[in-house]
Amino acid sequence: MAENQPLLRSNGGGEVVRAERGSEATQRKTTASARVVSLDVFRGLCVFLMMLVDYAGSVFPSIAHSPWNGVHLADFVMPFFLFVVGVSLAIVNKIVLDRTGATLKVVIRTLKLFILGIFLQGGYLHGVTGLTYGVDIERLRWMGILQRIAVGYIVAALCEIWLPCQGMKKVSLSRNYIWQWCTVFLLSAIHCGLLYGLYVPDWQFSVSQSTGSTIYEVKCCVRGDLGPACNSAGMIDRYILGIDHLYAKPVYRNMKECNGSNNDIVSESMPSWCHAAFEPEGFLSSLTAAATSIIGLQYGHILVQFQDHKGRLYSWSFLSLSLLIVGLFLDFVGMPLNKSLYTISYMLVTSAAAGITFCLLYLLVDIYGWRRLMFVGLSHNLYTNDILAPRVTHTSIIKCKMQNLSQY
């Protein structure tokens with residue numbers, strides 16, 4: 001790039017130096033004017049939806065998280081965040097000259113985000129009136145929303161940095177990043193194999209109450225069960241994290257079996273698993289969550305490679321429609337849409353919904369220029385770092401990508 005080149009000597013080269021500086025100024029001006037505003041609006045829309053479902057979900061249950069199978073409005077928020085991370089990474093990593101250095105930066109940012117997630121959600125605050133007030137490490141929740149975003153970020157970033165690109169032909173865009181699609185398939189296959197293949201035995205847990213500790217037992221002895229009591233995702237998290245480090249108020253307490261009482265008091269007449277903790281951001285579901293970010297990468301590649309609006313919208317629409325059809329087909333044949341388990345059908349349908357939403361925002365904001373109507377998204381644009389708010393220069397990106405291919 002021009003700013004990394006030393007200035008030429010003044011002996012007969014004054015005009016060249018001035019031209020170089022003028023080129024730098026033109027490039028910076030082009031970069032500032034080529035920002036993809038629809039991506040900012042999409043990111044702001046995610047934050048707005050997050051606050052909407054948090055505050056209005058208790059008043060309007062139809063927009064809150066689905067108790068188990070099915071999707072409500074709140075169930076689209078997390079996939080949308082992961083999708084935006086993937087799109088942004090395709091732009092941020094358009095030039096990767098030092099893969100080792102770029103990987104180190106990714107790891108450091110992932111650790112920061114993961115630690116921040118643990119710090120913000122905290123642990124079990126106890127001993128308010130005594131000297132033991134603080135965070136109980138034995139009840140600290142290790143996984144959470146920011147931790148899941150961190151997982152999706154590092155997986156997608158490493159795929160973009162290390163997996164080779166095959167070419168830059170528009171007619172074979174899917175072949176260009178075939179190894180990234182193979183990673184999506186591999187993560188989905190591992191998720192599906194563990195979810196349906198692991199045997200879940202009977203298990204028991206204890207709950208501390210004011211009258212003492214009560215031990216509950218859950219009868220399972222099944223394989224491939226997708227219910228809240230005997231799924232293998234919960235079993236993996238109980239073995240690895242421990243039941244005391246899981247989310248204490250799982251959304252399945254809103255089911256009819258638990259009388260819809262998602263609070264600290266659960267009736268003894270309810271099934272035993274209604275008393276148990278469950279981690280919706282657990283290990284197994286993080287596999288397909290990371291795949292969502294990789295799918296977002298492909299939308300970012302389309303944004304980078306195609307310079308015309310028509311080509312972008314056509315490619316995004318075709319990809320979104322394909323994901324939607326496959327996801328709905330899997331739901332029809334028996335793989336339910338389930339956010340807590342982050343099933344493959346849920347991953348595909350929500351990724352397609354994110355792609356369709358991005359297409360509409362791009363059409364309204366970047367093509368028709370209806371920015372005033374999107375004040376909600378722009379006003380809630382809280383993230384301004386280069387992970388989630390990149391800038392794009394279309395011509396320079398194509399040239400830099402072509403230069404980067406020589407490293408593969």
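A: Let us begin with a term: a residue is called buried when its relative accessible area is under 20%, and exposed when that value is over 50%. Please keep in mind that this is a predicted model.

Q: Which residues of helix 10 are buried?

A: The buried residues of helix 10 are G311, R312, L313, S315, W316, L319, S320, L323, G327 and L330. As a general idea, an α-helix has 3.6 residues a turn, so residues three or four places apart point the same way.

Q: How far apart are the end C-alpha atoms of helix 10, and what span should its residues give?

A: Helix 10 covers residues 309–332, and its 24 residues, at 1.5 Å a residue, should span 34 Å. The end C-alpha atoms are 34 Å apart, which agrees with that expectation. After the helix comes G334, which has a positive phi, near 125°.

Q: Is S315 buried or exposed, and what does its side chain reach?

A: S315, which has its place in helix 10, counts as buried because its relative accessible area is 14%, below the cut-off of 20%. Its side chain reaches the backbone oxygen of G311 at 2.9 Å. If neighbours within four places in sequence are left aside, S315 is in contact with I302 and F306.

Q: How many salt bridges does a search of the whole structure find?

A: The general idea is that side chains of opposite charge can pair when their charged atoms come close. In this structure the search finds five salt bridges, and one of them joins R141 and E279, with N and O 2.7 Å apart. That pair links distant parts of the chain, 138 residues apart, with R141 in the loop between strand 2 and helix 5 and E279 in the loop between helix 8 and helix 9. Both R141 and E279 are buried.

Q: Where do E281 and K339 lie?

A: E281 and K339 meet through their side chains in a salt bridge of 3.5 Å, N to O. E281 lies in the loop between helix 8 and helix 9, and K339 in the loop between helix 10 and helix 11, so the pair ties together parts that are 58 residues apart in sequence. E281 and K339 are both buried. Salt bridges that share partners join R141, E279, E281 and K339 into one network.

Technical notes. Residues numbered from 1 in each chain as written. Predicted model: local features only at pLDDT ≥ 70, side-chain atom pairs only at ≥ 80, totals over all residues. Heavy atoms only, no water. Helix = DSSP H or I, 4+ residues; strand = E, 2+ residues; numbered from the N terminus. Expected span 1.5 Å × (residues − 1). Buried < 20%, exposed > 50% of the residue type's maximum accessible area, 1.4 Å probe, protein only. Polar contact = N/O pair within 3.5 Å; in protein donor to acceptor, adjacent residues only side chain to side chain. Contact = heavy atoms within 4.5 Å. Salt bridge = Lys/Arg side-chain N within 4 Å of Asp/Glu carboxyl O.
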